[in-house]
Amino acid sequence: MTTPIPTPPAIPLLGHATKLDRETPLISFDLLADQYGEIYQLNLLGRNPIFINSAALLEEVSDDKKFYKTVTSGTFEVRNAVGDGLFTAQRDEPNWAIAHRLLMPAFGTAAIREMFDDMLDIASQLVLKWERFGPRQRIDAVDDYTRLTFDTISLCAMSYRLNSYYRDKAHPFIEAMNDFLIESGNRANRPALLNNLMSSKYEEDIRTMAEVADDLIQERKGNRTEKKDLLDTMLFSKDPKTGQGLSDDNIRKNLLTFMIAGHETTSGMLSFATYFLAKNPDVMRRAHEEVDEVLGDQQIQVGDLSKLKYLAAILRETLRLRPSAPMRTVAPFEDTTIGGGKYFIKKGQTIVVNVYHVHKDPAVYGDDAKEFKPERMLEDKFEKLPRCAWQPFGFGARACIGRPFAWQEALICLAMLLQKFDFALADPSYALDLKQTLTIKPKAFYIHALPRHSTQSRLYATPSAPTFSANVGNVQRTVPGTISESAHPLYVLYGSNTGTSERFAQRIAEGAARHGFRATLGSLDSAVDHVPSDGPVVIVCASFEGEPADNAAHFVSWITSLKGQELANVRYAVFGCGNKDWVKTYQRIPTLVDATFTERGARRLLERGEGNAASAEFFETFDAWELLLWEALSKEYNTVVSDGDSALPSVEIKNVGEGTTRAVELRQPDAALGSVVENRLLTPQGEGEKRHIEFALPEDQTARAGDYLAILPTNPPRDVHRVISRFNLLPEQEVVLSSSTPTSLPVDKAVTIFTLLSGYVELSQPATTRDIRGLLSTQLPDETRKSLETLQSSHAELVVSSRLSLLDILEEYPQIKLPFGSFLFMLPSMRVRQYSISSSPLWNPAHVTLTVSVLQADPISGRKEPFLGVASNFLANLRPGDKVQMAVRSSNAAFHLPTDPKTPLVLFAAGSGLAPMRGFLQERALQKKGGREVGEALLFFGCRNPKEDFLYSDSDLKEWEELGVVKIRTAFSRATAESLGCKYVQDRVWNDREDVSKFYDQGARYYVCGSSKVARAIRETLTKIIQEVNECDEQEASAKFERAVVGRFASDVFE
């Protein structure tokens, strides 16, 4: 007896069409596969395709005797130009067999080798372009690879040069083809009547392509060449079986087929490979090692290709994770069943093979199936894969005839580029986004191509939070100032995700001119293979769970691969940022960089500085280290502090207009703007405020359960008006700022005072000792000076612990005459805040929710008004329809659900730390509703009182517990009688330790989200459980815990 094929709930008449992402439907199909498993069926405006998503089902339908290729949807629309060409011919069209027999020899090994020189010619043009652009050029990788593949197929197939690298705009043929492909995809999802009304441009594009192809055919007929390319084969060869040749009409259709298929898939493969190399520095390093070993500094030869085994594995793994052609369709010749007889499929039923999802099947590729690991695709392992587990080029008789062509072209190009360049993302935090037509490519994907053996400085600065940086470009930043021509160069390098290390680096660069140096600011990645030696190098970097920042990963991989004294002429100093709550990984990257520099011959100018972000003295620690740095540099280079620059640094301000009327600028939404859908209170009035906020994401952004939503907030209006009052300003007043040092302020354009203070600077951060030193440098009454000196000497107690901001001090002491420009200069830049997403994309891939605690704390700085958390109060006051600048940021790779939904979960959370756990449980609930088997989850949750802040207890959690998805174990700190006497979440864990142990034996994954105090308590309790079970001492239990949690324990800690 067969099993019904699952199908999602549908809308009458429309079916499931409205559930699909219009721009990237592949993402919707992939999410449905996550929810419904190996098979599901959709109703798409009357079409009812079945989607298969597992390697086992793919194996069954990859049988040419039982299933045949179908041409449907967007591919069918492409027939409007290419008809019965090789790619789009129906199974009963005779021209396919004739063309296939004629052209198979033209794509054989010997013929493809003959094309090597032409492929090398075009690839050399790309290399030359990137060399001439230089390391600071922001390169549109997809566009350049598209030009490469168009020019290559054109030259190899028909000996015709498009010369794309010598044109600002694409060749008219290419423009027409791109527009045609996009419209073909759109037409597949529109009613025929609407397509008829929108056919003019479409038909014009088809004519443009046909005219170029026809001209080439006629030109070749009249002027045959000695070169036996594909065009020559089609024009002058006969089918060995029938003796027939191809008509001019079919030759044109196949020429266009080659141009479409020959450029789209290979440019996508190269683009994705470049992305994966840029994101995985260890893979790039190994690729460089292979290229250097095989090629050295010599030009690639055809015999080198077979030796590039690791590059081949990179391309295979790229095509596994991001197959350029992500889906294909088949249908059975007769009624049949698949799934071992489980699912009935009627004759002619369209089956969509979701190759994109099948390639990540954990049954074949394991729990790390979604990770990029080329090692799994090395020849011996690749050959042992199941027969149909890797199908980026299709299968059987209708598999891609041009696979050898694409493979050779990609290997040549990738090897030549890696011989010359390192790849670095223009935006280190770029999350891979897809652009879908008939194939997929990365969207908005930009890189820097860094020459590997250049003798010139190639430093460039990538901002830590580029989505939100107001005035930071992806270029090298040379920091001017009042300096002499003889000033020593100073190189300040940073590795930063959240912006703190970058800001510290900026502060060093800002002070360079005053101390006799000419500073250049850059990310660590920009110094790979080229650490400057003509001046001191100051490095400010951080660790993120033991890993380098996004814009330092390649640098760290590079220095750890060095073997000799490559840094012998470098003089350096390092300051590290970290959080001591992460005991195992605290300062790991700064320590590694410092030690490696010394091992490789560099000379340390100053002992490494350590800043603990969990400490109240974090900023003061940096201030003290910076003073020691300038002393060390002054001694080393015999420089002196310039008296001419002894005044407080400032931002120059110029007034614009009189400020008597308000200028209102309407903001147009862009790709970085999301909108509020819902903002509701989860707790009773008068209790600690917690909110559930739903956002529609910016276009083209998606999130996984467990990811973060980065929000750029604005300061509370109350605090903005405090500044305006203190400096006697008008909120509507427009000013223009200018600065000679790097800044995130909006320079060289008019901005109102209110906008400036609302969105560009932090007003509530405690004043630093450097700030107080700046105030002491102004003219002050003796009594005020004495008070400031007291604040400076007892800074931790009187300033940090009291949350005393620079604004608080200025209000307390009106005698301080601080210029507004100096005040702005002293303030840190507004930073983004990251919140754990509390929803799953299976619920709505275009929306996310946050679960937020709103901070309104009692004043401790002597003020009467409460202290307002900047971001949480910004979020609390949003209304539906409000626009918010945001970006999805990926969390730690381990803090995501396991690939196999049957894996049990144990979740620990307190307060709003429930957020990611809600997303995990929502995903599991939707998978179970979709008919999938899901592992049981155990949620330990701590809050104050079941009637006050037991979040989602009467809605989602109740539903999911009744559904059998989760068992909930609570701890109420103010109502312990209702939680088995357990006050805190760790108490309930200990109380239920038998269940915790049982879940571990079942292979569960463990997740904790909450404050560092909660995370420590959970770890201690789990260690205590191990100690009890194993009857060992605490030290041995701790060691056992560290071994037990490898790959099975992830935490997300916030303060």
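# Notebook: charges, contacts and patches

I began with Asp30, whose side chain makes a polar contact with the side chain of His357 at 2.6 Å. The model I am reading is a predicted one. I placed Asp30 in helix 1, residues 25–36. A salt bridge needs the nitrogen and the carboxyl oxygen within 4 Å.

**Entry: salt bridges**

I looked up the count of salt bridges and found 58. Side chains of opposite charge can pair when their charged atoms come close.

I noted Arg285 as partly exposed because its relative accessibility is 28%. Glu289 has a relative accessible area of 41%, so I wrote down partly exposed for Glu289 as well.

I went on to Glu317 and Arg376, whose side chains meet in a salt bridge at 3.0 Å, N to O. Glu317 is in helix 14 (residues 309–321), while Arg376 is in the loop between helix 16 (362–365) and helix 17 (379–383), so this pair ties together parts that are 59 residues apart in sequence. Are Glu317 and Arg376 buried or exposed? Glu317 is buried, because its relative accessible area is 0%. Arg376 also counts as buried, at 14% relative accessibility.

The last pair I took was Glu1028 and Arg993, which meet in a salt bridge at 2.9 Å, N to O. This pair links distant parts of the chain: Glu1028 belongs to helix 35 (residues 1012–1030) and Arg993 to helix 34 (residues 993–1001), 35 residues apart. With 40% relative accessible area, Glu1028 is partly exposed. Arg993 is partly exposed too, at 23%.

I also checked for shared partners. Salt bridges that share partners join Glu317, Arg320, Asp368, Glu371, Lys373 and Arg376 into one network.

**Entry: two loop residues**

I looked for Thr778 and found it in the loop between helix 25 (769–776) and helix 26 (782–793). What does the side chain of Thr778 reach? It reaches the backbone oxygen of Leu775 at 2.6 Å. I marked Thr778 as buried because its relative accessible area is 11%.

Arg803 sits in the loop between helix 27 (795–800) and helix 28 (806–812). Its side chain reaches the backbone oxygen of Asp858 at 3.4 Å. I also looked at Gln765, which is 38 residues from Arg803 along the chain; the C-alpha atoms of the two are separated by 7.1 Å. Arg803 counts as partly exposed, at 25% relative accessibility.

**Entry: surface patches**

Which residues form a negative surface patch? I listed Glu1020, Asp1033, Glu1034 and Glu1036. Of these I followed up Glu1034, which is found in helix 36, residues 1034–1044. Glu1034 counts as exposed because its relative accessibility is 56%, and the cut-off for exposed is over 50%.

I then turned to a nonpolar surface patch of about 430 Å², made by Ile11, Leu13, Leu14 and Leu45. I located Leu45 in the loop between strand 1 (39–41) and strand 2 (50–52).

Note on methods
Residues are numbered from 1 along each chain as its sequence is written. This is a predicted model: local features need pLDDT of at least 70, side-chain atom pairs count only at pLDDT 80 or more; totals for chains, interfaces and linings use all residues. Side-chain values use heavy atoms; hydrogens and water are left out. Patches are made of residues with over 30% relative accessible area and no salt bridge: like charges are joined within 9 Å, nonpolar side chains (Val, Leu, Ile, Met, Phe, Trp, Tyr) within 5 Å. Accessible areas come from the Shrake-Rupley method with a 1.4 Å probe; for residues, only the protein chains shown count as cover. Lys and Arg count as positive and Asp and Glu as negative; His and the chain ends are not counted. The place of a charge is taken as NZ of Lys, CZ of Arg, CG of Asp or CD of Glu. Helices (H or I, at least four residues) and strands (E, at least two) are DSSP runs, numbered from the N terminus. Buried means under 20% relative accessible area, exposed over 50%, partly exposed in between (1.4 Å probe, protein chains only). A polar contact is a pair of N or O atoms within 3.5 Å; within protein, one must be able to donate a hydrogen and the other to accept it, and residues adjacent in sequence count only if both atoms are side-chain atoms.
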